[in-house]
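This report describes one protein structure in plain terms.

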Amino acid sequence: MDVIYVLAISVLLQFTAAFLALRLIQITGGRIAWILISAAISLMAIRRSFILYQLFSENLVHPPDLTSELIALATSVLMVAGIASIAPIFHSIKRSEEALRKINRDLKVITMTNQVIIRATEEAALLKDVCRTIAEVGEYRFVWVGFAEQNEEKTVRLIAYAGHEEGYLDTVNITWADTERGRGPTGTAIRTGKPSVVKDILTDPDYAPWRDEAVKRGYASLISLPLIANNKTLGALNIYAMETDAFDIEEVNLLTELANDMAFGIMSLHARIERKRAEEKLRESEKKYRTLLETLPQKIFHKDKNSVYVSCNENYARDLKIKPAEIAGKTDYDFFPEELAEKYRTDDKRIIESGEVEDIEEEYIQNGQKCFVHTVKTPVRDDKGNVIGILGIFWDITEKKKMEEEIKKRIKELEQFYEMAVGRELRMIELKKEIESLEEELGKYKK
């Protein structure tokens with residue numbers, strides 16, 4: 001009778017081992033291998049079942065040995081224990097593989113998102129492409145981005161989305177104020193500047209205002225990540241998954257990095273756009289400046305703080321017998337005698353150090369002739385008020401000087417004649433008027 005009990009328990013354990021082997025197919029995915037193992041164990045159990053049946057019917061000629069059956073029972077126990085102990089190991093391996101797959105997936109999302117950020121030229125397209133990349137590559141149910149409005153209601157404005165939306169965003173009415181519709185994950189992430197995770201939409205009390213609509217669309221869990229740049233929260237990136245508790249610590253960390261890259265990309269894009277606008281304005285200003293320079297009759301030049309030429313107008317370049325574009329990088333030593341160039345350099349240095357406008361009238365000899373120029377040098381400043389160069393405007397006043405000398409000579413002659421005409425009242429008045437007229441003309445010319 002003891003043999004029957006031992007044999008029965010052994011058969012039961014073998015069938016159990018066969019069943020556990022089949023269960024491992026779901027865990028390990030090794031369908032053929034575990035089917036073969038289960039089949040082998042089942043055949044052993046069936047064979048021993050026939051022996052058990054013959055024992056009950058007393059048709060067995062040679063009853064099994066108790067010792068052999070006890071060994072078989074021990075083997076069956078070890079078989080069940082071994083197969084049962086394998087399951088947790090494979091469970092752990094499967095979880096590790098799944099975690100690794102998710103990490104690799106998120107890293108791929110980060111890489112592709114960064115590529116989108118680098119290529120972006122406008123904000124709307126950038127955010128739309130980022131949402132699409134996260135939803136498709138990250139295998140998430142739904143992704144959307146909202147910006148925090150700085151209005152009294154503190155509303156969250158939809159910017160872009162991708163995935164299984166189906167009118168969900170028309171129902172959300174989210175705010176980032178500390179109210180019922182602001183205590184959800186999106187409002188909390190914006191308000192606190194930290195990621196907010198809903199592990200189970202069905203049970204999270206703060207998600208009650210949006211639960212029904214979310215469940216209809218297959219959302220089971222979600223994470224809201226603040227978009228922070230320059231210590232300012234721009235809005236939130238919201239990612240929905242079809243399974244509960246889909247966002248573990250590692251995934252939260254990787255997605256936080258993704259959100260940070262995204263916020264940096266938004267600010268970088270804004271900076272690029274602003275820089276482009278500034279460059280366009282600068283080009284327009286330079287064009288207007290160049291047009292103005294070329295239309296003025298005066299000779300105009302621009303030097304940096306080291307007295308190196310930056311630009312000049314056509315009139316100035318013509319005197320130097322060069323084209324305006326050829327003057328950049330040159331100095332006065334390239335065009336004037338050393339003594340005169342040294343004087344110009346000294347004047348420039350004085351103006352740069354003082355920051356004052358100077359009005360200079362100078363005399364020089366050219367081709368054996370005495371010549372005169374009148375120069376106004378003005379310091380050029382940057383946005384901070386620092387002097388970074390000199391703008392000079394000058395014109396040749398040689399003819400003016402000659403005219404002044406002629407007028408002075410004529411006045412002297414008239415004065416002498418006037419003295420000779422004392423006593424002749426009429427002539428004296430006429431001569432006086434002529435002298436005053438000439439003096440008035442001289443005054444106007446000087447101005």
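Strand β4 (residues 221-229) is largely enclosed by the rest of the structure, because eight of its nine residues are buried. Buried stands for under 20% relative accessible area, exposed for over 50%, and partly exposed for the range in between (1.4 Å probe, protein chains only). Strands (E, at least two residues) and helices (H or I, at least four) are DSSP runs, numbered from the N terminus.

The model is predicted: local features need pLDDT of at least 70 and side-chain atom pairs count only at pLDDT 80 or more, while totals for chains, interfaces and linings use all residues. Residues are numbered from 1 along each chain as its sequence is written, and side-chain values use heavy atoms, with hydrogens and water left out.

Two strands count as paired if DSSP finds at least two bridges between them. Strand β3 (residues 196-198) runs antiparallel to β4 and is joined to it by three bridges; S196 has S224 of β4 as its bridge partner. Strand β5 (residues 232-241) is also antiparallel to β4, with nine bridges between them. In that pairing, L222 stands opposite Y240 of β5.

The hairpin of β4 and β5 has two residues between the strands, and N230 in this hairpin takes a positive phi near 55°. N231, in the loop between β4 and β5, has a positive phi of about 60° although it is not a glycine. With a relative accessible area of 83%, N231 is exposed. E166 is another residue that has a positive phi without being a glycine, at about 50°. E166 lies in the loop between β2 and α5 (169-172) and is exposed, with a relative accessible area of 55%.

## Strand β6

In strand β6 (residues 299-304), five of six residues are buried, and the strand is mostly covered. β6 pairs with strand β10 (residues 387-396) in the antiparallel sense over six bridges, and with strand β7 (residues 309-312), again antiparallel, over three bridges. H302 takes part in both pairings: L391 in β10 stands opposite H302, and S311 is the bridge partner of H302 in β7. The hairpin of β6 and β7 has four residues between the strands, and S307 in its turn has a positive phi of about 65°.

Helix α4 (residues 123-137) has 15 residues and spans 21 Å from its first C-alpha to its last, close to the 21 Å expected at 1.5 Å a residue. The expected span is 1.5 Å times one less than the number of residues. Buried residues of α4 include L126, V130, I134 and V137. Just after this helix, E139 takes a positive phi of about 60°.

A nonpolar core is a set of buried Ala, Val, Leu, Ile, Met, Phe, Trp, Tyr and Cys residues joined through side-chain atoms within 4.5 Å. The largest nonpolar core has 37 residues, of which I134, L227, L237, I239 and F247 touch the most other members. Among the elements that give two or more residues to this core are α4, β4, β5 and α8 (249-295). The most come from α8, with nine residues.

Helix α2 (residues 31-57) gives the most to the patch, with three residues. F15 has its place in helix α1 (residues 2-28) and, at 37% relative accessibility, counts as partly exposed.

## Salt bridges

The structure holds 14 salt bridges, each defined as a side-chain nitrogen of Lys or Arg within 4 Å of a carboxyl oxygen of Asp or Glu. The table gives three of them.

| Salt bridge | Closest N and O atoms |
|---|---|
| R217 and E213 | 2.8 Å |
| D332 and K303 | 2.5 Å |
| D347 and R350 | 3.0 Å |

D332 lies in the loop between α9 (314-320) and α10 (338-354) and K303 in strand β6, so the pair ties together parts that are 29 residues apart in sequence. Both D332 and K303 are buried. K303, D332, D348 and K377 are linked in a network of salt bridges.

R217 counts as buried at 10% relative accessibility, whereas E213 is partly exposed at 23%. D347 and R350 are three residues apart in helix α10, about one turn of the helix.
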